[in-house]
Amino acid sequence: MTIRLGLGLPQMRQYDIGKDVPDVARAAERMGYESLWVFERALFPEPATQGLYGIEGLPWPDGYRGVAEPLVTLTLAAAATERAELGSSVLVAPLHVPFQLARTLATLDAASGGRVVAGFGTGWSHDEYAAASVRPFAERGAALDELIGVCRAVWGPDPVVYDGHVTRIASALVGPKPARPIPILLAAGSGRARRRLVDHADGWLPTGVGADAVAAQGRQLRELADERGRTAPIRTSLRVNARYSPATDESSGRRPFHGSVDQIVADLAEYTGLGLDEILLDLQSTLRDAEELKDVAAQVYEKARAAGV
């Protein structure tokens, strides 16, 4: 079965959000992309007090200097499209009030005809936590647990009842309800995170760190699911952060997903035998504008399908 292909929406500062998001979303749907995705980066510390992903000395990408709010971006895309799913990879759970986020996602799903995919993670930026989090960094796992619980409650039947650390709903009618059960996908890198995914989520959001590594992580997840008695399938949507360059240098030092369209497609092809449901391709970071993003996205889609991806 062919892997579904999704495209990251333009959120970075070189894009005109109000004009380019609907334009790219419409174009991507016409090309054949089956889903449209956003990510969350709330701020860019200057000077940086912490390396990228919490790794000391690793600089933050310049593209993070002003990333559009993800749910506003998805709403613009929803209004411009009819069929493509609308996903987040990922929303940083502790940066959101659980009840408000659950209602926002439910409303967006109802308005879009049942197209929302809720991808959550715990994040890593201490600066973002200091600015916006509802719970301390040390409680990030508990914050994600509560967000999942609140979403399940709010999206379920009335009356809604929930008693948590941040959220307390005695008994209430909460609407609108989603058009269908919204799938929850999680980024899960640790043992505890994998258990949370197996027990409480619908799918997994790995990143393109190498086909062998993703395959090994997938085996760990399936083994854990068997141990814990899970029988429901785990939807798997791989995120690929690509950096397009028209050069065709095939040197051994080239990083995966960095290079020409042909090179990006060749790297995608390495993941085709892993049982993935979907690959989300985010191309926006190195491109000049929406016109170039649409052009490169169209080339990647056509060549990927021709190559059997």
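A residue counts as buried when its relative accessible area is under 20%, as exposed when that area is over 50%, and as partly exposed in between, with a 1.4 Å probe and protein chains only. By this rule Ile17 is partly exposed, because its relative accessible area is 24%. The structure is a predicted model, in which local features need pLDDT of at least 70 and side-chain atom pairs count only at pLDDT 80 or more, while totals for chains, interfaces and linings use all residues. Residues are numbered from 1 along each chain as its sequence is written, and side-chain values use heavy atoms, with hydrogens and water left out.

Ile17 is a place to start. Ile17 belongs to helix H1; helices (H or I, at least four residues) and strands (E, at least two) are DSSP runs, numbered from the N terminus. Contact here means heavy atoms within 4.5 Å. Leaving aside neighbours within four places in sequence, Ile17 is in contact with Pro10, Gln11, Met12, Pro22, Ala68 and Leu76. Thr207 is 190 residues from Ile17 in sequence, and their C-alpha atoms are 25 Å apart in space.

Helix H1 also packs against helix H9. The angle between H1 and H9 is about 15°, and their axes are 10 Å apart. Such axes are lines fitted to C-alpha atoms, for helices over the stretch in contact, and angles run from 0 to 180 degrees between N-to-C directions. Angles under 35 degrees count as roughly parallel, over 145 as roughly antiparallel, 65 to 115 as roughly perpendicular, and the rest as oblique. H1 is therefore roughly parallel to H9. The crossing of the two, H1 and H9, is right-handed; a crossing has this hand if the near helix is turned clockwise from the far one by less than a right angle, and is left-handed if anticlockwise. On the H1 side the contact is made by Asp20, Asp23, Val24, Ala27 and Met31, which meet Ala290, Glu291, Leu293, Lys294, Ala297, Ala298 and Tyr301 in H9. These residues of the contact of H1 with H9 divide into eight nonpolar, no polar and four charged. In this count Ala, Val, Leu, Ile, Met, Phe, Trp, Tyr, Cys and Pro are nonpolar, Asp, Glu, Lys and Arg are charged, and the others, Gly among them, are polar.

H9 (residues 290-306) packs with helix H8 (residues 261-269) as well, at an angle of about 45° and with the axes 9 Å apart. H8 and H9 are therefore oblique to each other, and their crossing is right-handed. Val261, Asp262, Val265 and Leu268 in H8 meet Val296, Gln299, Val300, Lys303 and Ala304 in H9. The residues of this contact of H8 with H9 comprise six nonpolar, one polar and two charged.

The segment after H9 contains Val309. With a relative accessible area of 1%, Val309 is buried. Not counting residues up to four places away in sequence, Val309 touches Thr2, Leu5, Val265, Leu268, Ala269, Thr272 and Ala304. Val309 and Leu268 are 41 residues apart in sequence, and 7.1 Å apart in space from C-alpha to C-alpha.

Charged side chains form another set of links. A salt bridge is a side-chain nitrogen of Lys or Arg within 4 Å of a carboxyl oxygen of Asp or Glu, and the structure holds 21 salt bridges. One of them joins Arg305 to Glu34, with the closest N and O atoms 3.6 Å apart. This pair links distant parts of the chain, 271 residues apart: Arg305 is in H9, and Glu34 is in the loop between helix H1 (17-31) and strand E2 (35-38). Arg305 counts as partly exposed because its relative accessibility is 23%, and Glu34 is partly exposed at 35%.

Arg239 and Asp282 form a salt bridge too, their closest N and O atoms being 3.3 Å apart. Arg239 is in strand E10 (residues 235-241) and Asp282 in strand E13 (residues 278-282), 43 residues apart. Is this pair's Arg239, with its relative accessibility of 7%, what is called buried or exposed? Arg239 counts as buried, and Asp282 is buried with a relative accessible area of 7%.
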